[in-house]
Amino acid sequence: MVMDHKDYGKKPYMFNIEDATAQNNNFRTTIWTGKKLQLTVMSIEPNDEAGLEVHERSDQFIRVEEGQGVCKMGSTKDNLDFERAITKDDAILVPVNTWHNIINTGGKPLKLYTIYSGPEHEEGAVHHSREEAPR
């Protein structure tokens, strides 16, 4: 699959998620947005991060495909009492209203995909860098 940055949501769709995640070089690319589910792929540069955030209406599933980093979570942005090293094939489950951040600690891009239990980003969103991604 060649990344075409198109959101295929609201209709049946099938693709190789590992290939799509590996080929994505954008900070975030939205692949599928439905009424109650959204899938994005991400590429976080070395020494960069996803950015500390909280989702007030959805749980989140994150799977690491390539690279290494650290996952931090907590009940408030000042109390990130959950911290774990992450690497290829790790899955991260983020409950609704939990502050969280993914930090790339490796020397190459951290490639991951994330599934939201309710859309969190604008349908079809492509953010080439963390700086252009809305907070």
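**A friendly note on this predicted model**

1. Let's start with some rings: Tyr8, Tyr13 and Phe15 are linked into a cluster by ring pairs. Rings of Phe, Tyr and Trp (its six-membered ring) pair if their centres lie within 6.5 Å; planes under 30 degrees apart count as stacked, over 60 as edge-to-face and the rest as tilted. This is a predicted model, where local features need pLDDT of at least 70 and side-chain atom pairs count only at pLDDT 80 or more, while totals for chains, interfaces and linings use all residues. Residues are numbered from 1 along each chain as its sequence is written, and side-chain values use heavy atoms, with hydrogens and water left out.

2. How many aromatic pairs are there? The count comes to three. Tyr8 and Tyr13 make a stacked one, with 4.0 Å from centre to centre and 5° between the planes. Tyr8 is buried at a relative accessible area of 15%, whereas Tyr13, at 30%, is partly exposed. Here buried means under 20% relative accessible area, exposed over 50%, and partly exposed in between (1.4 Å probe, protein chains only).

3. Phe61 and Tyr113 form a tilted pair, 6.3 Å centre to centre and with 45° between the planes. This pair links distant parts of the chain, since Phe61 sits in strand 3 and Tyr113 in strand 8, 52 residues apart. Phe61 is partly exposed at 26% relative accessibility, and Tyr113 is buried at 10%.

4. Now step back to the whole chain. Helices (H or I, at least four residues) and strands (E, at least two) are DSSP runs, numbered from the N terminus. Of the 135 residues, 45% are buried.

5. Which residues have the most contacts inside the largest nonpolar core? They are Ile44, Ile86, Ile92, Ile102, Leu110 and Leu112, in a core of 15 residues. Such a core is a set of buried Ala, Val, Leu, Ile, Met, Phe, Trp, Tyr and Cys residues joined through side-chain atoms within 4.5 Å. Strands 2, 3, 4, 6 and 8 each supply at least two of its residues. A second, separate core has five residues, among them Ala20, Ile31, Leu39 and Val41.

6. Finally, look for an open sheet of three strands in the order 5-4-7, with antiparallel pairing. Strand 5 (82–87) and strand 7 (99–104) are its edge strands, each pairing on one side only. Strand 4 and strand 7 are joined by six bridges, and Gly69 has Asn104 in strand 7 as its bridge partner.

Key:
Pairing = 2+ DSSP bridges.
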